[in-house]
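Take a look at the model, then read on.

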Amino acid sequence: NALARIRENYDLCSEERRKYEEWVDRVIRSHKSVTLKEFSVCFDLGLSSQESITRWIEFAFTRHVQKLDLDFSVKVKNKTSPRTHYTLPEEFLTRRTSGGNSCIDFKSLKELSLKCVNLTGQAIEFFLHNCPFLEKLVVHYTNKISNLEVCGPSLVLKHLELMHCNYLESVKVSAPNLISLIGPNIDVLLLENVPMLKEVYINCMHYNDSVENWALGCI
């Protein structure tokens, strides 16, 4: 298909990425509202796009975005090639700007999906504890997470999906509103305080009716 031909030709691929970046920049410049319901970037962007992507994320949060979807995976013939070219800067998670609409606001976020984004467990925990209305978290294809804690009595998180996190060894979940959990086959899965949990998918194995008993056995 056309995308496959683009990826086979480096110069053509670079040109298409440049055009995509320019298109996103034009869309952002034309956006006049102070709020943003959804912001989605789904394209095979390379290392050269790092600065642009960070700028787009900043734009989304300054507009109090509710749903953020970043997907930089490469899809050829319905298969995904996990190339993680974008790394979320650590300083982005600690920096605050001041003054009017320039203030970065994480509090409005309800859904966050990150695919082929390099981020640490600490970064995920940052979003969990600084986005008080976050209900859905999806993380695919990241290689910097080994141990993850999704814990907090005030978490409103309902859906958690962790897939293709190759170095993930253990996950601890304590989330009173969690309904569904999707994850890879890992060494340790510890579930605590998950009274609403109805469905668990682990490495394509499905648990439903007996989730409560199974989860208690993992405590």
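**Strands and cavities**

In this predicted model, strand β9 (residues 147–151) and β11 run parallel and are joined by five bridges. Strands here are DSSP runs of E with at least two residues, helices are runs of H or I with at least four, and both are numbered from the N terminus; two strands pair if DSSP finds at least two bridges between them.

Local features need pLDDT of at least 70 and side-chain atom pairs 80 or more, while totals for chains, interfaces and linings use all residues. Residues are numbered from 1 along each chain as its sequence is written, and side-chain values use heavy atoms, without hydrogens and water.

**Around β11**
- Leu148 has Val171 of β11 as its bridge partner.
- Five bridges also join β11 to strand β13 (residues 188–192), again in parallel, and Lys172 has Leu190 of β13 as its bridge partner.
- Strand β11 (residues 170–174) is largely enclosed by the rest of the structure, because four of its five residues are buried (under 20% relative accessible area, 1.4 Å probe, protein chains only).

**Cavities**
- A cavity is a set of points on a 1 Å grid over the protein atoms alone where a 1.4 Å probe fits but cannot get out, and lining residues have an atom within 4 Å of a point.
- α3 (50–62), β2 (67–71) and β6 (111–115) each give at least two residues to the lining of the largest cavity.
- The second largest cavity holds about 40 Å³ of space, and its lining includes Val171 and Leu189.

Definitions and conventions
1 Å grid on protein atoms, 1.4 Å probe; cavity = no way out; pocket = protein on both sides within 12 Å on 5 of 7 lines; lining within 4 Å. Points joined across faces, edges and corners; volume = space filled by probe spheres on them. Buried < 20%, exposed > 50% of the residue type's maximum accessible area, 1.4 Å probe, protein only.
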